[in-house]
Amino acid sequence: VLRHLIHGLRVLLRPGAADRDLDDELRHFVEEAAAAHAARGVAPAEARRRAIAEVGSPVRAREAVRDGGWERWVSSGLADLRLAVRLLTRTPIFTAIVIAVVALGSGAVTTVFSAMNAILLRPIPGVEAQGSLVAVSPSRRDGSIGEQISYPRYAHLRDQGRSLDGVAAWGRVAMTIAGDGAASTVLGNLVSANYFDVLGVQPAAGRFFAASEAQPPGAPVVVVSEAYWRDALGGDPRAIGRTMSVNGHPFTLIGVAPLAFRGVYTGLVVDAWAPLSAQPQLRPRSSLAGGTWLWSFGRLRAGVDREAAAGELSALTQAHRQALGEPSEPDAFDRMQVAPLTGLPGGTRGALAFMSVLLGAAALVLIIAGINVAAMLSARYAARARDLAVRTAMGAGRLRLIRHLLTEVALLFVLGALGGFAVASAATAGLERLPLPGSISVTLELSPDLRVLGVAVAVSLVAGLIFGLGPALQGARRDITDRLKAESAGGGTRRSRLGRVLITGQVALSLVLLVAAGLFARAVDRGARVDPGFDMDGVATAVFEPESWGYDDTRTTAFYQALRDRLAAEPGVRAVGYANRVPLMFGSSVDAIEINDARRDAHYVAVDAGYFDALRLPIRRGRAVVDGDRQGAPRVAVVNETLARLLEPAGDAVGRTFRFRDAAVTVVGIARDARYASLDETTPPLFYVPLAQERQPRRALFVKTAAPAGVATAIAAAVRAIDPRLPPTRVAALRDETRLALFPQRAAAIVTGGLGATGLLLAMLGLYGTVSADATARRREIGVRLALGADRGAILRGVVSRGLWIAGPGVAVGLLLAAAAMPLLEPWLFGVDPRDGLTYAAIGALLVMQTLVASYVPARRAAALDPVRVLRAE
Amino acid sequence: MSETAASTDVIQGTLDMLILKALSLEPMHGFGIARRIEQTSKGVFKVNPGSLLVAFQRLERDGLVDASWQQTESGRRAKVYSLTRAGRRRLDEETAQWTRRATAVARLLKAEG
C-alpha cells in the first residue's frame, strides 16, 4: 500500500516525468521490435512500420497506464474541482447567495454545537488527557449520588485504592487576599498535594505544592491563577516568594497556575489554591477529621475500566465505614460512583437534554437552508441543461457527470461551512455577552474550536450530499431528448411541483421553530410572574464570608449584629434579615428528619428573626424565629405548610417535635409555602431553623427598604464603618440576583427565536422565489388575460393566492408537527401548555402575514404587466 | 504473417503470471518480456504493449518486480525489470494453483469427450 502511495504521489507531483518515462519505454519497445523484424531480414523502414503498428497508439497505452493507478482519481477530482471553481466564479451572485444560505444553516448548527462543545464536550481547560480522569462521588444503594466525601474517607481511598493512578481532593474556600493593595475576596480551593499532578497541570511560574506541604501541620503556601497574578499582582515575577495575607493569615505565594486552568468545574472560576493542610487557617469551622466537604477525582490506571474502579472503591468505602463503626443504613452513601470528569458538577445529563433540543432546532434551520439550496441548484442545472446534454452526447459518463456536479455542490457547502463557522464565532461571542444573572462567578467560553470546525464541515458535506444529490441526478439525466422535451413543453412542472412541496416543508419547519420560541418566551413571562411566595420588591441582598476575613465565631456574631443594627437605623429600611442562603439560586440543604420514628428527607434553611419580615414571608400559625432562639435555648423550627401537613395527622403541627441531627426540635410556627431552590419546583417539606443555633459564618443579608436606590451604598458604608479592612461588599437587588432561575428559558427563547427568524427568512425567500418564478412563467397567460380585459386586482389576488396555496399547507402541517414535537420542551416550560393555543394561533397568523408580504411583491409586478409588450416579446 | 494469424490474446488474469515467469530466468526489458512470452508460447499468445505496461506498473507497485533504467548494449536507455523475492514467491504460488486448475479442467474436458 505504501509503495502504491509513493508511486502515485510521484506521478501526481511530477506528471511530466512519469509520462516521459512511459514514452521512453514505449519508444524503446518500438525500436526493439523494429530491430527484431530487421534481424529477420525485413527492410529497416518496413520493420519500423510494422513495429509501430504492433505497438499501437502510444496515447492509448499512456492512457491505459495512467488509468491503472489510484492517482488518476485524484487528478480527475482536481480537474472537477478546477472546473467547479471556474463555473462558480462565472456566476458570482448565485455562488454568493448559495454560500450565504448554507452559511446561515450551517452557522445555526455550528453555533449550538459550539456551545454544546464548550459546555459538555470540551476538555476542562488546561487539563491533560482528560479521558482517563474520573470524578469519584459517593452514591447510595438506589444509585442516587452525593457530591462530597470526608477527608478520612478520601485518605482511605487514596492510600488503599489500586485502580486509580492517583486520587485528588479539593474543597471550596472563600479567600480574602491582600497583598500590598486592597483586599479582595476570590473563590479558592483547598487541595490535596497531588491535585495538580493528577490533572497534569504545570505551573506557569514558580511551583505547585510539595507532598510535605499538604501534610498537617503543612506550610502556609498559596498558588494563584494567572489572571489574578496579572490583575492583582501586576504580573510581577518577583511576587513569587512574597508573603500575602490570606483570610488574615500570612501565606507565601509559591506559584502561578497556567492561564487556561481555572479549577475542575468549568465556569466556577477559581483564583487561588492552598493545600488542604491550610484548612485550620482558611476554613476553621470545617475539619479534616470529619465533615463531608471534599470533591474527589482521580486518574484511571491504564487497563482499568470505570466499573472495576467503582467496584474497588465501593468495597474500600464499605470496609472503611465498618472500621469506623458507621451504621449501614439503607440510605447511607456506602459506595462510590466513578464517572468521567466532565467539568460540570453533578454530571451532564440535564444540560445534554436541553442542548439536544436546541441542536435539533438548529438542524431544522440547516434543513430549511438545504431545501433552498436544492431549489437553486435545480434551477442552475436546468439552465445548464444544454451544456450538460452536450457533455453527455460527447461521451461523458453519467457517473462522471454526477461526480462533477457533486464536486460543485461539495465546494459550495464547504465554503458555506466556513461561512457558518464565521457566523457561529460571531453568534457565540454574542451569547457570551448575554448577561449572566446574579453574582455567580461563571464565565462561559463558547467560541468554536477545531473540533467544531470539523463537525461543521462534516455536517455541511452530508447536507450537501443530501440536498445536492437530487438536483445532480436530475442534471445528469442521460436521456437528452427527454430533457430537451421537458425544457420546451412545460414539462418542467414536475420540477416546480417538487419545488413547491419543498417550500411548503420549509414553511412547516420554520413554524415549528417559531412555536418553540414562542413557548419559551411565554415560559419566561410565566416564570417572571410566578409568585415565589415571598416579596422581592425593594429587597437588596449581599453575601458575607467572615471566615475568609479570619474572623472567629465571636467576631462573626458581633459583625452581623452590628451590621443589622446600623442598617436598621438607616432611613427607609423596613426590615433586616439573614439566612444561610439566597432563595431561588438552585442551591438547597437536605437532611434526614424523623417524624414518629419514620425517617424522611426535608430541606432546611437557617434564618434569623428578621428574615420573615424582610421577605414578607407570612407566618400562618404560631410564631416566627425570634432573637431568643439562640445557642443554648431549646431547639425550635418553623415549618412550611407542606411539612406541617406531614406532621398534622397527629394534631396541630405547632408544638409537635421531630428529630433532626439527633436532637428533638419543637415546631413553633407554620410559614406559608414558598419557592425555595427554583421557580418550577414542587414545594418540598421544608423547615427554618434559627441561625443562632447553627454555626454558620457564611450568611446572606436581606434588606427591605423603601429607598432601594441608596441601599447599596448604605450597606457598603456600614460594612466599612464596622471594619475598614474588609473587602468591598457586592450588593444586588434580590430580583436581579434570582434571575438565574429563568436563565435557561431566556437563553432558549433567544436561541430558538433567532433560529426561527432565520428559518422564516429562508422560507420566505424560497416562497418569494417560487411565486415570482411562477408568475414569470405565466407572463404570457397573464398578458393574454389582461389583454382580454381581466381586472388587475384579480391578477394580483391570483398570484397572492398561489403563494397562500404553497404556504397554507405548510402552516397546517407545521402546526401539527409542533403539536407533536413541543411536548419535548415540557420540562422547561414552567407549566406553559406545550400546545398553548394562543402561541400556535399567533405564530400561524404571523406566517400567513409573511406569506402575503412575500407573494405581494411578485403579484404586484404581475398585475402591472403591460400586455402589449409581453405578447410582442413572444 | 502466419504467427499473427494464430495468435490470441493472453488468457484473462494470466498476464501477470506470464510476466513473472519470463522474469524468473533473468532481468529483462519490456520488449524482451513480450518476445519471450510470444516465443515460448510458440506464437499462441501475443501481448499488447499497452496492457503490458499497465501490468508492469501494477507489479512494480505491488513490489513483485523491481525496475531500473539501464543502458543496453546498443546504447539505448531501457527500463529493465527484475523479479523480487516476493515476486518469486508469488510466481510459485500462481504456478502451483494454475497447474492444479489446468489439470482439473483438462480432466473434465477429457471425461466429457
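1. Beyond its neighbours within four places in sequence, Ala644(A) touches Val639(A), Ala653(A) and Ile670(A), a contact being heavy atoms within 4.5 Å. Ala644(A) sits in helix H21 (residues 641-647) of chain A; helices (H or I, at least four residues) and strands (E, at least two) are DSSP runs numbered from the N terminus. Because its relative accessibility is 2%, Ala644(A) counts as buried; buried means under 20% relative accessible area, exposed over 50%, and partly exposed in between (1.4 Å probe, protein chains only). The C-alpha atoms of Ala644(A) and Gly669(A), 25 residues apart along the chain, are separated by 9.2 Å.

2. The model is predicted: local features need pLDDT of at least 70, side-chain atom pairs count only at pLDDT 80 or more, and totals for chains, interfaces and linings use all residues. Residues are numbered from 1 along each chain as its sequence is written, chains are lettered from A and ligands numbered from 1 in the order in which they are written, and side-chain values use heavy atoms, without hydrogens and water.

3. Over all chains, the whole structure holds 29 salt bridges, each a side-chain nitrogen of Lys or Arg within 4 Å of a carboxyl oxygen of Asp or Glu. One of them joins Asp165(A) and Arg301(A) at 3.3 Å, N to O. Asp165(A) belongs to strand S3 (residues 164-178) and Arg301(A) to the loop between strand S10 (292-300) and helix H12 (306-324) of chain A, so the pair ties together parts 136 residues apart in sequence. Asp165(A) is partly exposed at 49% relative accessible area, as is Arg301(A) at 35%.

4. Arg620(A) is partly exposed, at 45% relative accessibility.

5. The side chains of Arg242(A) and Asp236(A) form a further salt bridge (3.5 Å, N to O). Arg242(A) counts as partly exposed at 28% relative accessibility, whereas Asp236(A) counts as buried at 16%.

6. The model scores ipTM 0.74 and pTM 0.67. Chain B averages a pLDDT of 78, with 83% of the residues at 70 or above; pLDDT is the predictor's confidence in each residue, from 0 to 100. Residues 1-6 of chain B stay under 50 in pLDDT. Where pLDDT is low, the predicted coordinates should not be read in detail.
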